[in-house]
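Hi,

Here is the structure I promised to send over. Have a look at it first, and then read my notes below.

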Amino acid sequence: MEYSKLGNTEIKVSELCFGLLPIGPLQANIPLNEGAYLITKALENGVNFFDTAEAYKTYEYITTASKGFSGEIIVASKSKASDYHGMENSIHDALDSLQRDYIDIFLLHAARATDKVFEERQDALRCLLNYKEKGFVRAIGISTHSVKVVEKASEINEIDVVYPLINLKGRGILDGGVNEMLEAIKKCATSGKGLYAMKALAGGNLVNELTEAISFVRNIEYMNSVSIGMINEQELDINLSIFNNQVISKEVLKNLTNSKKIHIFWRHCIKCGICIKTCPNNALELGTKSVVIDHNKCILCGYCSPVCPQFCIRML
Ligand code: SF4
Ligand code: SF4
């Protein structure tokens, strides 16, 4: 496992980052002890970097796993808060839930924001800066699917870390394609930002091209780490092998499938449109009888499911 410093920060992360969205209630919702076991096994195998978010509701998995581990655990979290107090609450919640004195990296959670995000959420950003000055956060930044936001982040001195969506097929990238995102990533790296990649497998959609898809992101010159969600031991073992440069047998790769899919239970849909506003990739629209999904656009983030007041969106 390789390690590198995230840009100009002093934070050294493993090349494989364990993305915690899929184990939590927005997706697989695996039992606490199973999730904690996976995290512990990842830690024992050299993974020191874990990406989570207030919205993922996965802090407890990390807290449980960290109880029996004495080494360093780098945690990145994020909040959708727009104002000072909202962000302050998010930081306190993370500190309390993770039972830590500081959070290594705290980001503006801004999947589908525009490049005005730094103005629109300036109070939340100010809060992150204050908490960094006070030592409760080591580095601050932004997570985004948008090329324009990555470009804008490269110009903002206070931003330490950028977490952009990038994958081989460009699936889920907003305001541009793969080449534009790579250019924006380069600008961030040139201005000293640490970078780790989001959705290298497009939420599982690229699992049939696993090794190519991961190689593509690993080979981006400026990428310090690649976040990958894992919900069972087989997935963890495969990713550990890949990031330790071991060859995965064709037999193992052949049996990998993405079984996840968003289902809309349309009879209960009241066409309120809340899910449409939440979807970061414009994969949902109003149809005649209910909301309908374009599976070619869906990146299986699971954000739409918890916002539906009728409980009619499920990832199965
Ligand atoms: S439809 Fe749901 S799971 Fe798919 S990209 Fe949109 S919010 Fe994410
Ligand atoms: S949030 Fe639920 S009820 Fe509202 S439009 Fe979406 S699927 Fe239908």
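A quick convention before the notes: two residues are in contact if their C-beta atoms, placed from the backbone, lie within 7 Å. This is a predicted model, where local features need pLDDT of at least 70 and side-chain atom pairs count only at pLDDT 80 or more, while totals for chains, interfaces and linings use all residues. Residues are numbered from 1 along each chain as its sequence is written, with chains lettered from A and ligands numbered from 1 in the order in which they are written.

Now the ligands, counting a residue as near if its C-beta atom, placed from the backbone, lies within 6 Å of the molecule. Around ligand 1 there are 14 residues, the closest being Cys279, Ala283, Cys298, Cys301 and Cys304; that shell has eleven nonpolar, three polar and no charged residues. Ligand 2 also has 14 around it, with Cys269, Cys272, Ile274, Cys275 and Cys308 closest, and its shell divides into ten nonpolar, three polar and one charged.

Finally, leaving aside neighbours within four places in sequence, Val226 is in contact with Glu15, Leu16, Cys17, Tyr196, Ala197, Ala200, Ile214, Val217 and Arg218.

Cheers

Technical notes
Ala, Val, Leu, Ile, Met, Phe, Trp, Tyr, Cys and Pro count as nonpolar, Asp, Glu, Lys and Arg as charged, and the others, Gly among them, as polar.
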